[in-house]
Amino acid sequence: MRVHLLTIGSKMPAWVSTATDEYLSRMPSHCRVVLQEISAEKRTKTADLKKIRELEGDKLLAAIPAGSLVIALDVLGKAWSTEQLAGQLNNWMVGGRDVALLVGGPEGLSSACIERAELRWSLSPLTFPHPLVRVIVAEQLFRAWSILSNHPYHRAD
């Protein structure tokens, strides 16, 4: 099983790439997380942000591997505790399907991405900058795996 972390934006600050890569490198081969950066549309002062969100949504949808369970990262989605995420990860691994996590750009996900998603996951009621989302997701997936594997990384009771 692979988790495909599909994100809008490339050219991230070094700290984003370093942190994301660190957590992704810790994942075992049977639960590999693959980051795919999708180029953002050009934004200008007069840009149509709704149109940009739709174009970026089309790129995200085109990048979803066939047969994947699609999950939209969306503030209006369901919030999972770390333990609940570990349960989700376990279900994904047992289910045998790849998972595609969709992370929108600064304007969020298009309605087409939300409609395509089988699940909607909210990291928090707070709004995070989209580069930080990939770091949080990578860390939380590693933490969820550590719970399932009795790895000492997660130290909560």
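Which residues does S68 touch, not counting residues up to four places away in sequence?

**View 1. Surroundings of S68 in the predicted model.** S68 touches H4, R97, D98, V99, A100, R116 and E118, leaving aside residues up to four places away in sequence; contact means heavy atoms within 4.5 Å. The model is predicted, so local features need pLDDT of at least 70 and side-chain atom pairs count only at pLDDT 80 or more, while totals for chains, interfaces and linings use all residues. Residues are numbered from 1 along each chain as its sequence is written, and side-chain values use heavy atoms, with hydrogens and water left out. S68 is found in the loop between α2 and β3 (69-79); helices (H or I, at least four residues) and strands (E, at least two) are DSSP runs numbered from the N terminus. The relative accessible area of S68 is 1%, so S68 is buried (buried is under 20%, exposed over 50%, partly exposed in between; 1.4 Å probe, protein chains only). S68 and E118 are 50 residues apart along the chain, and their C-alpha atoms are separated by 9.9 Å.

**View 2. T7 in strand β1.** T7 belongs to strand β1 (residues 2-8). With a relative accessible area of 1%, T7 is buried. Its side chain makes a polar contact with the side chain of R134 (3.1 Å). A polar contact is a pair of N or O atoms within 3.5 Å; within protein, one must be able to donate a hydrogen and the other to accept it, and residues adjacent in sequence count only if both atoms are side-chain atoms. Residues touched by T7, not counting those up to four places away in sequence, include L35, I38, L60 and V103.

**View 3. Helix α2 and its buried face.** In α2, I52, E56, G57, L60 and A63 are buried. Seen down the helix axis, the buried residues of α2 fall within an arc of 135 degrees, so they line one face; the arc is that of the directions from the axis to the C-beta atoms. They pack against β1, β2 (32-38), β4 (99-103) and α4 (111-116). K50 and A62, on the other side of α2, are exposed. At the start of α2, a side-chain oxygen of D48 comes within 3.2 Å of the backbone nitrogen of K50.

**View 4. R26 over the ring of F142.** R26 lies over the face of F142, at 5.4 Å from the ring centre. A charge sits over a ring if NZ of Lys or CZ of Arg is within 6 Å of the ring centre and within 35 degrees of the ring normal.
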